[in-house]
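Look at the structure first, then read on.

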Amino acid sequence: MKKMLLITYYWPPSGGAGVQRWLKMSKYLPEMGVQCTVLTVNAAEATYPIRDESLLAEVPEALHVVRTKSFEPLQLYGKIAGHEKIPHGGFNNVDTNTTGSKLSRWVRGNFFIPDARKGWNRYALRAARKLIADKGIETVVTTGPPHSTHLMGLLLKKEFGIKWIADFRDPWTDIYYYDQLLHTARAAKRDAALEHSVLEGADIVLAVCPSNAALFREKPGVYADKIQVLTNGFDESDFPKGQSPANDGVLKIAYTGTIAPTYNAAPVFEILAKLSIPWQLNIAGSVAPELKQAITQRALGSHVNYLGYLPHGESLSLLMRSNLLLHILPDTDKNQMGTTGKLFEYIGSGVPVLNIGPKVGDAAIFIEEAGAGATFGRSETQEILQFLNTIAAKNFQHAGRSSRFTRKAIAAQFAGLLSKA
């Protein structure tokens, strides 16, 4: 079997979308002839924005998982910002307008380059060197964010001459909230240089969608042919039969994950306010305070349930009990063309999807390919209302689960790339 070492900060009991990609991959890789060892952080010392203890049960029993110590400056974040929360990506769970928040983001952007979790590297590198020597590891896979993880791959490749795959679940300097980190010109230049060293040094660079791959290919000095697209997916076993929404005449809409200020979601709620049929929106995840305020100002509070973060299984159950799944992309120049990890679970649920974003973007293409829903811009009020009424009347036919996006198919695709690395 091929022997690979996966270095990932986010691993159960960490929750959130970033865990799912490689947790699910590890489930199917042995069938593809790949023996995977996982190197991650000691959960007691980690700074996870979200914890989901239920995911520990999904870790394959035969999988060798090694945990190490870490130094986590993010533990001081709350003392600087004036609260105890670990910030989510996009800072949607904190008030970004306070002096403490601005100071903490400035410190994060200028003193912790590329990120505030780089204190894990020295402990993880020590363990990685031993694992490579003891197990005869042939390939190292680093996955980010945190993108400081990729710097370990760079060092290990130079030291051992092994194959190295850098997996980008999100962009680095092109991420939609990058400007909120308040970099100085010097810090931004240093960050870009580290990103370039990773893109140049890796044997294969993985992006989760074509738009993200295009961002990397546009970087000067990057060999375009090493950039490969490996999408996220859904696990068929996560969707048991028999769950459906109550037939009570209410249009049940679900949204899971983040809604940050840059998502510009207020126009969507203005459209929902125009619905002439009963509706209810259940949000499982983190919602920007600004959006909650906008919902209250529009007197829509009785239609919206804030469920907070749900364990993964409960989140999927919510999808299955809904009539419609809402998917909103950040309203920014670069990242609006991309997609999210949850979109594939939306597709896998068999429930119709309403995607708010560009009609030529990755999310729109994936939804159209799967026959899973429709895409509209924020200004297409009448078209969105017509689609919502179509869903309420049960006149939309979902094409079913696309086998191309199953976790098993994605694992097979990765195993093929691994054999070429």
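## The largest cavity

Helices (H or I, at least four residues) and strands (E, at least two) are DSSP runs, numbered from the N terminus. H8 gives the most, with 3 residues.

This is a predicted model: local features need pLDDT of at least 70, side-chain atom pairs count only at pLDDT 80 or more, and totals for chains, interfaces and linings use all residues. Residues are numbered from 1 along each chain as its sequence is written, and side-chain values use heavy atoms, without hydrogens and water.

A cavity is a set of points on a 1 Å grid over the protein atoms alone where a 1.4 Å probe fits but cannot get out; lining residues have an atom within 4 Å of a point. The largest cavity holds about 50 Å³ of space, the volume being that filled by probe spheres set on the points, which are joined across faces, edges and corners. Its lining includes Val268, Leu324 and Ile384.

## The second largest cavity

This cavity holds about 30 Å³. Helix H1 (17–28) and helix H14 (407–420) each supply at least two lining residues. Among the lining residues are Arg21, Asn232 and Ile410.

## Helix H9

Just after H9, alanine 299 takes a positive phi of about 55°.

Definitions and conventions:
1 Å grid on protein atoms, 1.4 Å probe; cavity = no way out; pocket = protein on both sides within 12 Å on 5 of 7 lines; lining within 4 Å.
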